[in-house]
Amino acid sequence: MFNKRIFFSSALLASLMIGGWNQVSIAAAADGKALFEANCAVCHSMQPPPKSAPPVLGIALHYRKAFGTDRKAAIKHMVAFMQKPEATHSKLEPAAITRFGLMPAMTLSVNDLRTVSAWLWDQNDPKFTLPGNCK
Ligand code: HEC
């Protein structure tokens with residue numbers, strides 16, 4: 001199989017050589033998306049209709065509401081949640097867990113969890129409104 005990691009590492013190296021630090025976040029964003037597709041997309045769609053979990057745009061919106069502009073704290077919370085999901089730590093509406101059940105713990109490395117969480121936070125779309133199915 002084509003190795004995504006090697007591809008993204010070379011992309012990172014190439015962008016460092018060509019564009020300096022500016023480009024690094026672009027490569028990191030691509031890595032976050034790849035991690036999402038490989039580990040999360042089986043349950044999470046990007047937007048409604050949901051698969052077996054709340055869609056990414058809804059999660060991103062709830063995390064903006066909970067953390068405001070504190071991206072770092074939001075990412076830290078998501079990483080901790082994914083390592084050990086607990087209903088009392090959820091930033092979604094309680095009905096989301098009633099509807100979908102609690103998310104299983106993820107066994108990715110902390111670095112990968114941080115990368116995919118940062119990517120998820122950045123997906124927030126100001127035009128997105130919650131469908132209101134989890135009230
Ligand atoms: C087996 C299905 C499944 C997989 C795989 C999965 N999730 Fe989830 N996830 C859920 C469900 C169900 C919920 C809603 C209930 C909850 O919050 O625990 C959820 C909720 C979340 C939340 C909100 C947590 C909160 O505050 O309640 C985040 C963030 C999240 N997922 C991110 C991810 C990321 C990133 C991945 C991949 C690394 C992933 N999930 C993989 C099922 C899954």
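User: Which helices supply at least two residues of the shell around the ligand?

Analyst: In this predicted model, the helices that each give at least two residues to the shell around the ligand are α4 (71-83), α5 (94-100) and α6 (110-122).

User: And which residues come nearest to the ligand?

Analyst: There are 27 residues around the ligand, and those that come nearest are Cys40, Cys43, Ala53, Ser90 and Met103. Sorted by class, the shell is made up of 21 nonpolar residues, five polar ones and one charged one.

User: OK, switching to the core, what's in the largest nonpolar one?

Analyst: The largest nonpolar core holds 19 residues, and Ile59, Ala60, Met78 and Leu120 are those with the most contacts inside it. At least two core residues come from each of α3 (56-67), α4 and α6, with α3 giving the largest share, six residues.

User: How much of the chain is buried?

Analyst: Buried residues account for 21% of the 135 residues in the chain.

User: Which element has the lowest mean pLDDT, and which the highest?

Analyst: Helix α1 (residues 4-19) has the lowest mean pLDDT among the elements, at 53, whereas α4 has the highest, at 98. For the chain, the mean is 87, and 80% of its residues reach 70 or more. Where pLDDT is low, the predicted coordinates should not be read in detail.

How values were computed
Residues are numbered from 1 along each chain as its sequence is written. This is a predicted model: local features need pLDDT of at least 70, side-chain atom pairs count only at pLDDT 80 or more; totals for chains, interfaces and linings use all residues. A residue is near a molecule or strand if its C-beta atom, placed from the backbone, lies within 6 Å of it. Helices (H or I, at least four residues) and strands (E, at least two) are DSSP runs, numbered from the N terminus. Ala, Val, Leu, Ile, Met, Phe, Trp, Tyr, Cys and Pro count as nonpolar, Asp, Glu, Lys and Arg as charged, and the others, Gly among them, as polar. A nonpolar core is a set of buried Ala, Val, Leu, Ile, Met, Phe, Trp, Tyr and Cys residues joined through C-beta atoms within 7 Å. A residue is buried if 20 or more other C-beta atoms lie within 10 Å of its own, exposed if 12 or fewer, and partly exposed in between; C-beta atoms are placed from the backbone. pLDDT is the predictor's confidence in each residue, from 0 to 100.
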